[in-house]
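This report describes selected features of one protein model. The sequence and structure come first, and the description follows.

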Amino acid sequence: MQNINHFLIEQVFNEKNKNILISSNIVNNNYKKFISLSSSKNYNSFVSTKIQNINFLFSSLDISLLIIDIKEDYLELLKSLSKNKPGLFVIVIADPISNQFLNIKKNLNFTFFDFLKKPITIEELIYKIDNSLDILSSLNMTKSKYKLLNQYKETIDKYSIVSKTDSKGNITYVNDKFCKISGYKSNELLGKPHKIIRHEDMSSQIFKTMWHTIKDLKQVWKGKIKNKKKDGSHYWVDTIINPILDSDGKIIEYIALRTDITELEERKEFLKKQFNITYDKLEDINSISKLYEETLDKTTIILRLSNDLKILHVNELFCETFGYTKEELIGRDHHDLFPSEIKKEFILDGIKIIKEKGFWKGQLKGLCKNGDIKHFITTVVPLKDKNDNILEFMVIRVDITKVVQYQKEKEFLLSYDELTKLKGRNALNNDLKNKKGTLLLIDIIDFKKLNSLIGYEGADEILISVANLLKEESKLTYRLYGDIFAVFYENEKIEHVNTKAINLMLKFESHKFIYDNFEIPVSINIGISDTVPYLLTAEEAISRNKKSFNKIARYNYDINEKTSDFKNLDMLIKIKDALENDNIVPYFQAIVSLETKEVVKYESLVRLIDEKENKIISPYEFLEISKKSKMYSQITKNVLRKSIEFLKSTNIPISINISFEDLINSDVLNYIAFLLQCNEKIANLITFEILESSEIKDYEQINLFINLVRKYNCKVAIDDFGSGYSNFTQLLNMKPDIIKIDGSLIKNIDKDINSRNIVESILILAKKSQIKTVAEFIDNKKVHNVVKELGIDYGQGFYYAKPEDLMKK
């Protein structure tokens, strides 16, 4: 039991099924005893005698049962609840001589309204609660069954021609489909016998047999009937008539379900007239069947398997595809034709599915005689005898090897730099998984100036020359983006690689880079790291390198931490103050349709208000630091709560950022579930943007989150897509509604051909997967025009609007 004075809404998450509210001094006077007796019950108990607390609980929770003393100041509350929550179960506690209960009951409209006489013991109260909740459960079950039956009726009405007759055969009900196919209106049919639609071609013996079956034997009758429409034309129906009996076995009525088979029967008639089919011409039918079989045999890979999965038959196309002769295959175990990673247990599990569902369909690999692996869409169906026993299995395959190869080539292109013939950032992330060694990050100094000096063509020539120099250093050489390269030395210590970095620097200083007969000076900065994540730590080293004007810098965890301790501590104090003073706020930046430039939604972006220094602090300055304390989840919850408040007041769709840290924090996930439950009517206007980063390792956890929010019709977006950590297969398996293309690819897309190529590749994947796209960091009209031309759906950036504190407005 929870007393309202100590009640926190975030603590409601538990496994109990129902909530009850008690507003009576009986429990207040016997608090400990009530706790002792009710603690094991499958409901939450809340106790309060204050009107404002009662109203708060009803607005925050789903209360199933209210137990309340009769008091004057409760009457208005009960009237309000009767109007707004008529399904509530209510028990009033009053003196036996009081007439208030009867007077109140006349004016109220609750599903269940009961009375307890004073005095009452705690044991009696708990018994009454248990009994009332049992009644509630039974009532809910009855409602559920009624709803289910109604759905069955609606489904049958939607897809079948339905009629009902009384025990004498007079029509008592017809649905719209019956009227539509017969041409009659319902008032023309009700009260009439079915003879009104009987066709003269139907033998009277059929109807004698039908009435004997449904009336005398009281069994279901099935058959085909030709009926007459109101306009004199005919239609055919496949009919099932079922007698409905009462508890004494007497017939109450008959229900008939029909399916329109007119087209099928008319085709049969046409075939009879067209081909004059007789028993003497069965050979012609066999010939046509054989022609179908031969056509299928030439265009489809087919085999037949015995019950123990031995090969009984293969067609020529199967032999041609796999490289075997029929003699080599007949009698062999089917599992021999799979690569080793496909275990026999997997095949046996598939057979179980076939027996349960009647077929199996999926993508499988196949092992050819020469060792090649091919890919197939495979369908397996059982062939059965008249007693439904499986005789054998028919396996039909479609070769999709070229499609799979094409997909792999696309993935390769996304991880490959066409200009320098080096691997890209995606490949680096994949290659470095579980590897030990040291990474060099190489940044060409003042490459933008070089670009403007000799033009794009000249700059490309320099990049190719740099790539060729670096290839001599290691096989694991990459161009990440622009003028940034990386070289990884597997299993080599940082001291040894440091020497190589010095030699590489000297190599660049002495090398002559020639373009158009001119020598071009090229200098580089180098960041070195042997600390995971290699790329991030090497970027940190090269960043400090630029600030200190040294050309080579090693990442040192201890030094890096100590130099920022003071700044971190100062920022943590600011975060704590901001949380205490409610100064963590969302700013909102417009997302617009590129077609119309109209605002379609707002992205919620966290800001910290520093009252002491009178400034707004960007998340880049405080969010990462907050992750080292327990305050990060509090920031997330603040932004979630205030963003939904903004949504409630404006009804304009919003996007909210969610990091991987949030997804693995059960407290944050519970809070999200609570907010969505309380705001279910507007939850469909919320998009959760999952930040793509190298920290994402557990995609199963992400999918659990996606399933949670989609229960409330929320949308899911992948933020910073293409930032370099993209695992396209995994990300697309998440089936996001929206992809937000990373700003680093967008901001220079009007100038950088590589960025444009990557964005075009992302768009191909998105459009094929029916995923909407958003371009971030659009700062000018040129970039706007390019992304609009490429077919991106939405845009975001300073060109349209800066983030604003719209809640104040």
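In which strand is histidine 375 found? Histidine 375 is found in strand β15, residues 373–384.

## Basis of the description

The model is predicted, and local features need pLDDT of at least 70, side-chain atom pairs count only at pLDDT 80 or more, and totals for chains, interfaces and linings use all residues. Residues are numbered from 1 along each chain as its sequence is written, and side-chain values use heavy atoms, with hydrogens and water left out.

## Overall content

The protein has 29 helices and 34 strands. Both are DSSP runs numbered from the N terminus: helices are H or I with at least four residues, and strands are E with at least two. Of the 809 residues, 44% count as buried. Buried stands for under 20% relative accessible area, exposed for over 50%, and partly exposed for values in between, using a 1.4 Å probe and protein chains only.

Contact is taken as heavy atoms within 4.5 Å. Among contacts between residues at least 6 apart in sequence, 60% join residues at least 24 apart.

Leaving out residues up to four places away in sequence, histidine 375 touches Gln363, Leu364, Lys365, Val398, Asp399, Ile400, Thr401, Val404 and Lys408.

Aspartate 372 is placed in the loop between β14 (360–367) and β15. Its relative accessible area is 41%, so aspartate 372 is partly exposed. Apart from neighbours within four places in sequence, aspartate 372 is in contact with Gly366 and Leu367. The C-alpha atoms of aspartate 372 and proline 339 are separated by 9.5 Å, and the two residues are 33 residues apart along the chain.

## Backbone features

Most residues other than glycine have a negative phi, and most peptide bonds are trans. Aspartate 388 has a positive phi, near 70°. This residue is in the loop between β15 and β16 (390–399), and at 52% relative accessibility aspartate 388 counts as exposed. Aspartate 516 also has a positive phi, near 55°. Aspartate 516 lies in the loop between β22 (513–515) and β23 (518–520) and is exposed, with a relative accessible area of 53%.

Lysine 118 and proline 119 are joined by a cis peptide bond with omega of about -5°. Proline 119 belongs to the loop between β6 (112–117) and α6 (122–159). A cis peptide bond also joins valine 532 and proline 533, again with omega of about -5°. Proline 533 is in the loop between β24 (524–529) and α19 (534–548).

## Helix packing

Two packed helices are described by the angle between their axes and the distance between the axes. Axes are lines fitted to C-alpha atoms, for helices over the stretch in contact, and angles run from 0 to 180 degrees between N-to-C directions. Angles under 35 degrees count as roughly parallel, over 145 as roughly antiparallel, 65 to 115 as roughly perpendicular, and the rest as oblique. For residue classes, Ala, Val, Leu, Ile, Met, Phe, Trp, Tyr, Cys and Pro count as nonpolar, Asp, Glu, Lys and Arg as charged, and the others, Gly among them, as polar.

Helix α24 (residues 666–678) packs with helix α25 (residues 699–710) at about 15°, with the axes 10 Å apart. The two helices are therefore roughly parallel to each other. Leu669, Ile672, Ala673 and Leu676 in α24 meet Gln701, Phe705, Leu708 and Val709 in α25. By class, this contact has seven nonpolar residues, one polar residue and no charged residues.

Helix α21 (residues 619–626) and helix α22 (residues 631–650) pack at an angle of about 125°, and their axes are 8 Å apart. This angle makes α21 oblique to α22. Phe622, Leu623 and Ser626 of α21 make the contact with Met631, Tyr632 and Ile635 of α22. The contact of α21 with α22 has five nonpolar residues, one polar residue and no charged residues.

## Cysteines

A disulfide is a pair of cysteine sulfur atoms within 2.5 Å. By this rule the count is zero disulfides. Cysteine 179 counts as buried, at 16% relative accessibility, and cysteine 678 counts as partly exposed, at 40%.
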